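The sequence and the structure are shown first.

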Amino acid sequence: MAHGFDKVVSIEEALRHFHDGMTLLAGGFGGVGNPPTLIQGILDKGIKDITLISNDTAFPHIGIGKLVTERRVRKVIASHIGSNPNAGAQMTAGELEVEFCPQGILAERVRAGGVGLGGILSDIGIGTIAEKGKEKVLVNGKEYLLETPLTAEVAIVHAKKADRFGNLVYDTSARNFNPLVAMAGDITIVEADEIVEVGELDPEEIVTPGVFVQYIVKSEGVNWRWAWEK
């Protein structure tokens, strides 16, 4: 069990925090930055009825797309689902609830959740179907939509390196939604390709401070073939 400055646990210990009907925040973009070992653990444990908050639904057999393909997801909040036809088919059949959110607004809603804001104001979508059900706020004579913050019971993050306290370094474009997602989970679980001792990371390369992280597991590596690979 993680304690103090050492938050490294087994995958079995980490998976104790996942349950049917949970809300789950996942870092990544098109599968890049999705944590493969944690996703496989969710599949193996049989977790279902998930409300998934992520930028997208990846591809059918890549990253969090696997959760959609295996029908483990009840609802998704994302900027798009176009790269995963299974998500589109389930949505059309009424089997998957989808809440679309513009990518920048989605990122800001997650950030707002992570830093404890009551929401953000945006004029994107005013006068369109996007304003349906949203509160309007007038500021200095201009109308805005109130976009509510997003948090989840568990946030899963993929890092290139983590020290045992949870300070994180990301691998190039995997530094997409992961830093925001790391802040917005009641429990944040990091899957790291490499785990080092506290003090070994250059402070200048740390993106996510360990204060946001509760647990760290060692990655077993990507277990899918990327869409662009032959």
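Helices (H or I, at least four residues) and strands (E, at least two) are DSSP runs, numbered from the N terminus.

## Basis

This is a predicted model, in which local features need pLDDT of at least 70, side-chain atom pairs count only at pLDDT 80 or more, and totals for chains, interfaces and linings use all residues. Residues are numbered from 1 along each chain as its sequence is written, and side-chain values use heavy atoms, with hydrogens and water left out.

## Serine 79

Serine 79 lies in the loop that runs between β3 (73–78) and α4 (85–92). With a relative accessible area of 18%, serine 79 is buried; buried means under 20% relative accessible area, exposed over 50%, and partly exposed in between (1.4 Å probe, protein chains only).

The side chain of serine 79 reaches the backbone oxygen of asparagine 55 at 2.8 Å. Beyond its neighbours within four places in sequence, serine 79 is in contact (heavy atoms within 4.5 Å) with Ser54, Asn55, Phe100, Cys101, Pro102, Gln103 and Leu106.

## Helix α2

Helix α2 (residues 36–45) is largely enclosed by the rest of the structure, because seven of its 10 residues are buried. The buried residues in α2 are Pro36, Thr37, Leu38, Ile39, Gly41, Ile42 and Leu43. Glycine 46 follows α2 and has a positive phi, near 80 degrees.

## Lysine 161

Strand β8 (residues 152–163) contains lysine 161. Lysine 161 is partly exposed, its relative accessible area being 24%.

Not counting residues up to four places away in sequence, lysine 161 touches Asn167, Leu168, Val169, Ala192, Glu194 and Leu201. The C-alpha atoms of lysine 161 and glycine 114 are separated by 21 Å, and the two residues are 47 residues apart along the chain.

Conventions: A polar contact is a pair of N or O atoms within 3.5 Å; within protein, one must be able to donate a hydrogen and the other to accept it, and residues adjacent in sequence count only if both atoms are side-chain atoms.
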